Amino acid sequence: MGDVLNEGLREKKRFKTRSEAGTLAMGERVAEMLLPAPKLYVLRGDLGAGKTTLVKGIAAALGAAEAEDVTSPTFTLVHEYAGRKVRLYHLDLYRLETERELLTLGLEEMAEQPDALVLVEWGEKFPSVVERADGEILIEHAGGDERMFYVRVKA
């Protein structure tokens, strides 16, 4: 199912980081690429790939939260951060299994707000999220602490 998102996407940028600090710093460069709002992006990558760390950097760059205040929404499912110009929604769908469970989150309502930047971890599990997404950020382990980041947007 994850490959369905790749259809109709073009690679916009590719980044490599060598540390958690590098991933945080890269969030600033990526943040500008994800705007203007409203936008929804799927964050793809294995457990521990750096999805939440990237969101920390993006949130800090947008003035929505300090990096240390951003945590994984694995158990709460959604975290919301209000920035100067953007409202950042960080979702983790890892624990959800059905489209029905997804509907209870109000994802469509979040994504329709004019100032919304919605970043969804494990969104590739759900066809409705893939269809709605404006693009994806794919994170791959590149050995040790190195990570490759591919920012792709719909063509």
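Helix α1 (20–33) bends by about 30 degrees at Gly27, the bend being the angle between axes fitted to the seven residues ending there and the seven starting there. Helices (H or I, at least four residues) and strands (E, at least two) are DSSP runs, numbered from the N terminus. The model is predicted; local features need pLDDT of at least 70, side-chain atom pairs count only at pLDDT 80 or more, and totals for chains, interfaces and linings use all residues. Residues are numbered from 1 along each chain as its sequence is written, and side-chain values use heavy atoms, without hydrogens and water.

Thr23, Met26, Gly27, Val30, Ala31 and Met33 of α1 are buried (under 20% relative accessible area, 1.4 Å probe, protein chains only). The buried residues of α1 pack against β1 (9–17), β2, α2, β6 and β7.

The largest nonpolar core has 27 residues. Such a core is a set of buried Ala, Val, Leu, Ile, Met, Phe, Trp, Tyr and Cys residues joined through side-chain atoms within 4.5 Å. Val30, Leu34 and Ile58 are among those with the most contacts inside it. Leaving aside neighbours within four places in sequence, Ile58 is in contact with Gly27, Val30, Ala31, Leu34, Leu117 and Leu119 (contact: heavy atoms within 4.5 Å). Another core, of 19 residues, lies apart and includes Val42 and Trp122.

Trp122 sits in the loop between β5 and α5 (127–132). Its phi is positive, about 65 degrees, although Trp122 is not a glycine. Trp122 is buried, at 14% relative accessible area.

One runs from Leu35 to Pro36, with omega near 5 degrees. Another joins Ala37 and Pro38, with omega about -5 degrees.

Technical notes
Buried means under 20% relative accessible area, exposed over 50%, partly exposed in between (1.4 Å probe, protein chains only).
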